2 protein chains.
Amino acid sequence: MSITNHQFQLASRPVGAVQRSDFHYVGEALRALADGEVQIKVLHVSLDPAMRGWMNESKESYMPPVAIGEVMRAIGVGRVTASANPAFAVGQHVVGLLGVQEYAISNGQGLNKVDPALAPLPMYLSALGMPGLTAYFGLLDVGQPKAGETVVVSGAAGAVGTLVGQIAKLKGARVVGIAGGTDKCRYLVEELGFDAAIDYKSEDVGAALQRLCPRGIDVFFDNVGGDMLDAALARLALHARVVICGAISQYNSTGPVKGPANYLQLLVKRATMKGIMVADYYPRATEAMTEMGGWIAAGKLKTREDVVQGLESFPETFQRLFSGENKGKLVLQLAAE
Amino acid sequence: MSITNHQFQLASRPVGAVQRSDFHYVGEALRALADGEVQIKVLHVSLDPAMRGWMNESKESYMPPVAIGEVMRAIGVGRVTASANPAFAVGQHVVGLLGVQEYAISNGQGLNKVDPALAPLPMYLSALGMPGLTAYFGLLDVGQPKAGETVVVSGAAGAVGTLVGQIAKLKGARVVGIAGGTDKCRYLVEELGFDAAIDYKSEDVGAALQRLCPRGIDVFFDNVGGDMLDAALARLALHARVVICGAISQYNSTGPVKGPANYLQLLVKRATMKGIMVADYYPRATEAMTEMGGWIAAGKLKTREDVVQGLESFPETFQRLFSGENKGKLVLQLAAE
């Protein structure tokens, strides 16, 4: 009996915000496994801002674009349902680039086993996954906050931002988050222990940074870009570190990206701006997971997954990343087990 | 008998390019020395792009702006003509912030003795002065080129650029300079030993960089900013270092500074952008001067001073930095000795 696999294939390159019409939603019979392959039932699909970049035709990126007609690329967690690869047994749980689909077939490359007894499966897509590594190494390896320094993070209520702020607090820094809406700002301060939060929807970010960071910003962890980056550059402390993790304000832009007009503050403040790419840190993943796992077990690091049910809502749910509706890690749940 | 001291005082904050009317040229009787002071006859005034920034009203800079009515700030080299400070004797030569004027009075702070027997005096304003330290530490400390890597420098025919390219060659790198005009480009390649030069006035810089840097740019030393910075960012190699030394294309801008629209290449290429401020390296000046002095003595490092005669031409001569007319270090000579 053949299995029908539903999936979202990229139909056209989105212009601006992603539309449902940019994808074909199709159901096709799942093919048989070749030798060395594994069949995985996808349980949770990770929705990440970086996926927007993968939809673009670009020559100069770190990953090839998703081809037209190809299943949309996404990280997911799933369960092995058939195996022709001795390294993976039926029933084991794995995480990897499974795609926006019900079933994935993999040759095992880039597939990592995870244990649902140690942590809920969606957590392997957040704190114990790519956003966790991004936050941990981006902050500690690139940002290098010292105790007592001021760390500011944009996109603070997102998957990476919530972790960056908490890790910075655990390392003794003062933390200010920038997020949209009083609800998110209250969450950052009251639930996650940020020292302060700036609601960019109702406050002037530059004025708020000036008030909340009287000695300047030592580490700015940027997920947003655009005006937010410029406001932070204008408030850098001497020898500040600016971590470029993303620029969600620019990903849907149909014009040129807004470059940081205040970049000469890097000169005035002898500051460093550095990009981080999580894949560079995969070889050191154990280091991060050990410390993060310990914090989570001790109740010192809180994670929140924003789980939406159903594969079919993918285009609209993905768009929530850009409208700022999600709080914590946005995950699409396809099946319970 | 009192000495009349001619000087350029800042009369108004320039809007865009500097005009003669932005200054008052005045002659005033030189006052007597107080205890601890030194009188210096200014022989050579250094004309540097950074001076344009000092003319602006800005809160967020590394130095206070020159006040309206104050003598224009400039580095100069001169000879002590009277002294009430035991550390300085009449006849000694010194370098420091002497100002755009015939005579300076100093309390000795920030004044350094130089020896005209070791090097021509204008060289203490170029390779053996501030541009030399900027090039040496900006390239080696921040850029950190390795042998065989590709170094690109903008403003390559200027005081700093000519040194950056030659030091990079001495350290075993491949060097491409960007300058304006075939004459300057020929000078870089034929006289200074650059591997290649791009004439931004007649070539598409992006296309030329693509052709001349097939493996990407490992170190970009930027004196220019604007479109030049964007073109270089688009061609970075993995783990590239971008040294922000200046942005001469933007200093006369009356609108907002053009931020680098391609800054997200820092993320894609895991690259670093860092500002350099020469004053940070003054404590290590000996280190640079020893190595640079050795190179100059051995004929391995060439310096060129573009010397213009006469204090009165200051506003027009200064403007040559921005029109790109100078080749090498621009110096205003006030007196022979």
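Two strands pair if DSSP finds at least two bridges between them, and strands here are DSSP runs of E with at least two residues, while helices are runs of H or I with at least four, both numbered from the N terminus. The views below show a predicted model, in which local features need pLDDT of at least 70, side-chain atom pairs count only at pLDDT 80 or more, and totals for chains, interfaces and linings use all residues. Residues are numbered from 1 along each chain as its sequence is written, with chains lettered from A and ligands numbered from 1 in the order in which they are written.

**View 1. Strand S13 of chain A meets strand S13 of chain B.**
Let us start where the two chains join. Three bridges link S13(A) to S13(B) (residues 272–275), and the two strands run antiparallel. Look for A:Lys274, which stands opposite B:Thr272 in S13(B).

**View 2. The side of chain A that touches chain B.**
Here, 28 residues of chain A are in contact with 28 residues of chain B (C-beta atoms, placed from the backbone, within 7 Å). Helix H7 (265–268) and strand S13 (272–275) of chain A each give two or more residues to this side. By class, this side of chain A has 17 nonpolar, five polar and six charged residues (nonpolar: Ala, Val, Leu, Ile, Met, Phe, Trp, Tyr, Cys and Pro; charged: Asp, Glu, Lys and Arg; polar: the others, Gly among them).

**View 3. Strand S12 of chain A pairs with S11(A) and with S13(A).**
S11(A) (residues 217–222) and S12(A) (residues 236–244) are parallel, with five bridges. A:Phe221 has A:Val243 as its bridge partner in S12(A). Now follow A:Val243 onward: A:Lys274 in S13(A) stands opposite it. S12(A) and S13(A) also run parallel, joined by four bridges.

**View 4. A right-handed β-α-β crossover in chain A.**
From S11(A), the chain passes through helix H6 (residues 226–233) to reach S12(A). Right-handed means that, with the strands pointing away from the viewer, the path from the first strand over the helix to the second runs clockwise.

How values were computed:
Two residues are in contact if their C-beta atoms, placed from the backbone, lie within 7 Å.
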